[in-house]
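Hi,

Here is the structure I promised to pass on.

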Amino acid sequence: MSTYVLVHGAWHGAWCWEKIVPLLEQKGHTVHAIDLPGHGSDQTPVSQISLKSYTDKICSVIDEADEPVILVGHSMGGMAITQSAEYRPEQIKALVYVTAFLIRDGESMVDVIQTDAGALVASNMIVSSDGSYATVNEAKIKEIFYGCSEHADAERAKSLLNAQALEVLATKLSLTDERFGQVPRYYIECLRDQAITNWCQKNMYAATPCESVYTLDTDHSPFYSTPQELATILLEIEQINQVADDLVS
């Protein structure tokens, strides 16, 4: 059995994995869905939130695990798991990007967002007066994030979204082939995504090739719209890596 660490995206929290956690646990796996600083139940002030605070949290969970983990990142969480892999490559069995930002060394999320003209997030962000955080235009939240999801799930998610610290999005990653580059990567693209267009997803995994690319015909939130299908892919990735480990041993 394996250990999964699930990392949410911008504005979200550990709660977004609520349908995925039991599906993985039913197969006997250990699952940690975490709140990044300032998200979910974590009350860290915006002024103290940075990419380093995100990776510190992720690395602390990895360090407490009994074995190398499967590290899964959704959306902005992709950036956080990438930088964490630079710090803990030997403790990560695989990186899984769920319609996530797969960013290269020296790039920031802002750099990629600026190229994605078809995405709806940037034009619907409401930035605070001091420029430190942003929320999302409530009238557009379902269209952006939950277009294929059930109404009840979308409404619940809308009620739980937090403000997003903007410094994180502007921070450039610092990566090496020797560390981040040695960890196997898998990408799950979502064809109907309005937050990160499929065009942008394809550009990212073309620039940073992955072991495999899986496709879901759904919105930005497959943990709500297609939870069974997403869990099946996560379990398949675990099996692939387990076979690889057995061959090595």
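One definition before the helices: axes are lines fitted to C-alpha atoms, for helices over the stretch in contact, and angles run from 0 to 180 degrees between N-to-C directions. Helices are DSSP runs of H or I with at least four residues, numbered from the N terminus.

This is a predicted model, where local features need pLDDT of at least 70, side-chain atom pairs count only at pLDDT 80 or more, and totals for chains, interfaces and linings use all residues. Residues are numbered from 1 along each chain as its sequence is written, and side-chain values use heavy atoms, with hydrogens and water left out.

Now the pair I looked at. Helix α2 (residues 51–64) packs with helix α3 (residues 77–87) at an angle of about 65°, and their axes are 9 Å apart. That makes α2 roughly perpendicular to α3 (65 to 115 degrees counts as such). From α2, the contact (heavy atoms within 4.5 Å) is made by Leu51, Tyr54, Thr55, Ile58 and Cys59, and from α3 by Met79, Ala80, Ile81, Gln83, Ser84 and Tyr87. By class, that is eight nonpolar, three polar and no charged residues (Ala, Val, Leu, Ile, Met, Phe, Trp, Tyr, Cys and Pro count as nonpolar, Asp, Glu, Lys and Arg as charged, and the others, Gly among them, as polar).

Ser84 sits in α3 and counts as buried, because its relative accessibility is 0% (buried means under 20% relative accessible area, with a 1.4 Å probe and protein chains only). Leaving aside neighbours within four places in sequence, Ser84 is in contact with Thr55, Ile58, Cys59, Leu71 and Ile92.

Cheers

Notes. Helices (H or I, at least four residues) and strands (E, at least two) are DSSP runs, numbered from the N terminus. Angles under 35 degrees count as roughly parallel, over 145 as roughly antiparallel, 65 to 115 as roughly perpendicular and the rest as oblique. Buried means under 20% relative accessible area, exposed over 50%, partly exposed in between (1.4 Å probe, protein chains only).
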